[in-house]
Amino acid sequence: MTILVMRPFPDNQATANALRAAGYKALLSPALRFEPVAVRDEPDVHYDAVIVTSANALRGIEGHALLERLRDKKVFAVGDATAQAARAFGFANVESASGDAVALCELVEKRLRGSGRICYLAAADLSRDLGTDLGTRGYDVTTLTTYRMTPLPQFSEAVAAAFAAGEVEAVLHYSRRSAQSFVGAVQAAGLEVSALAVPQCCISDVVAAVLRDAGASQVLAAATPDESGVFEVLHRAIPLERRAVKSGKG
């Protein structure tokens with residue numbers, strides 16, 4: 001009962017541990033590689049708050065003077081995992097939107113009520129530009145690019161062999177770009193028939209659309225944009241009794 005995890009390192013390690021605890025075997029195949037980006041910060045600029053949509057945005061400024069300068073600011077995080085990461089990086093005043101980008105904008109609006117200068121720690125490739133979204137609501141937003149995620153165009157030999165042997169029972173997808181990278185790797189390896197036939201468990205409808213457009217036959221989108229939501233659709237795709245039989249417990 002092998003589940004392919006397309007999530008990048010190091011978050012994929014926690015996912016793998018959770019899968020094993022639930023009775024699955026995890027196979028890690030990061031679709032994207034994290035790369036920090038040199039930040040163009042202006043030390044004299046004062047911010048009232050920080051918004052973060054990924055723990056990687058914080059990893060990108062680890063050891064940077066900017067991180068120290070922002071630590072006393074209010075942080076608005078897109079979800080609970082990102083909020084937890086912010087606290088681990090030393091931020092004390094952190095609030096989670098427990099949702100998606102829309103929920104994050106609504107949380108900022110509720111707390112700041114249309115005024116304030118915000119530092120948006122962002123990726124080089126944005127699925128949604130929160131700086132523009134919040135700017136239309138009257139906020140002064142400075143977007144600082146702290147990292148990029150570079151697609152890995154091919155599967156490892158172990159992953160290709162697992163698909164060829166029919167060992168992969170489902171694939172977990174955590175972002176639109178990683179799903180796109182997965183599709184590219186599938187096509188490069190000529191694995192469309194086997195790889196797109198298994199359940200594709202996606203963190204959101206936006207991610208699921210990438211797999212549907214590629215021709216995947218079993219695409220499930222999480223009801224909530226977090227790992228609990230991804231695991232819920234995985235358990236629905238592979239019921240407990242089927243896991244027990246596959247693992248030799250039935």
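**Figure 1. The surface and overall build of the chain.** The accessible surface of this predicted model comes to about 11700 Å², and carbon and sulfur atoms account for 49% of it. Along the principal axes, the C-alpha atoms fill a box of roughly 60 × 35 × 30 Å. A compact globule with 250 residues would have a radius of gyration near 18 Å, and the 19 Å of the chain agrees with that. Inside, 48% of the 250 residues are buried. The chain contains 12 helices and 11 strands. Of the contacts between residues at least 6 apart in sequence, 64% join residues at least 24 apart.

**Figure 2. An open sheet of 5 strands.** Follow the strands across the sheet and you meet them in the order β2-β1-β9-β10-β11, with parallel pairing. The edges belong to β2 (25–28) and β11 (219–221); each has a single partner strand, so one side of each is left without a neighbour in the sheet. From one strand to the next, the twist averages 25 degrees. For a closer look at one pair, start with β1 (residues 2–5), which joins β2 in the parallel sense over 4 bridges. Here Leu 4 has Leu 27 of β2 as its bridge partner.

**Figure 3. Two helices on the sheet.** Helix α7 (residues 157–164) lies across β1, β2 and β9 (168–173), and runs at about 130 degrees to β2. Helix α10 (residues 205–213) also packs on the sheet, where it touches β9, β10 (200–202) and β11. The direction of α10 makes about 170 degrees with that of β11.

**Figure 4. The two sides of helix α7.** Which residues of α7 are buried? They are Val 159, Ala 162 and Phe 163. Seen down the axis of α7, these buried residues fall within an arc of 95 degrees, so they line one face of the helix. Turned away from the buried side is a face with the exposed residues Glu 157 and Ala 164. Just after α7 comes Gly 166, with a positive phi of about 70 degrees.

**Figure 5. Strand β8 and its partners β3 and β7.** Strand β8 (residues 140–151) pairs with β3 (residues 32–36) in the antiparallel sense, over 5 bridges. Pro 36 stands opposite Tyr 147 of β8. With β7 (residues 117–123), β8 pairs in the parallel sense over 7 bridges. In that pairing, Leu 121 has Leu 144 of β8 as its bridge partner. As a reminder, strands of a sheet pair through backbone hydrogen bonds, either parallel or antiparallel.

Figure 6. Begin with the loop between β1 and α1 (11–21), which holds Pro 10. The peptide bond leading from Phe 9 to Pro 10 is cis, with omega near 5 degrees. Next, look at the loop between β6 (94–96) and α5 (101–112), the place of Ser 98. Although Ser 98 is not a glycine, its phi is positive, at about 50 degrees. Finally, Arg 113 sits in the loop between α5 and β7. Arg 113 also has a positive phi, near 55 degrees, in a residue other than glycine. Is Arg 113 buried or exposed? Arg 113 is exposed, because its relative accessible area is 68% and exposed means over 50%.

Methods: Residues are numbered from 1 along each chain as its sequence is written. This is a predicted model: local features need pLDDT of at least 70, side-chain atom pairs count only at pLDDT 80 or more; totals for chains, interfaces and linings use all residues. Side-chain values use heavy atoms; hydrogens and water are left out. Two strands pair if DSSP finds at least two bridges between them. Axes are lines fitted to C-alpha atoms, for helices over the stretch in contact, and angles run from 0 to 180 degrees between N-to-C directions. Contact means heavy atoms within 4.5 Å. Buried means under 20% relative accessible area, exposed over 50%, partly exposed in between (1.4 Å probe, protein chains only). The arc is that of the directions from the helix axis to the C-beta atoms. The radius of gyration is taken over C-alpha atoms; the globule rule is 2.2 Å times the number of residues to the power 0.38. Accessible areas come from the Shrake-Rupley method with a 1.4 Å probe; for residues, only the protein chains shown count as cover.
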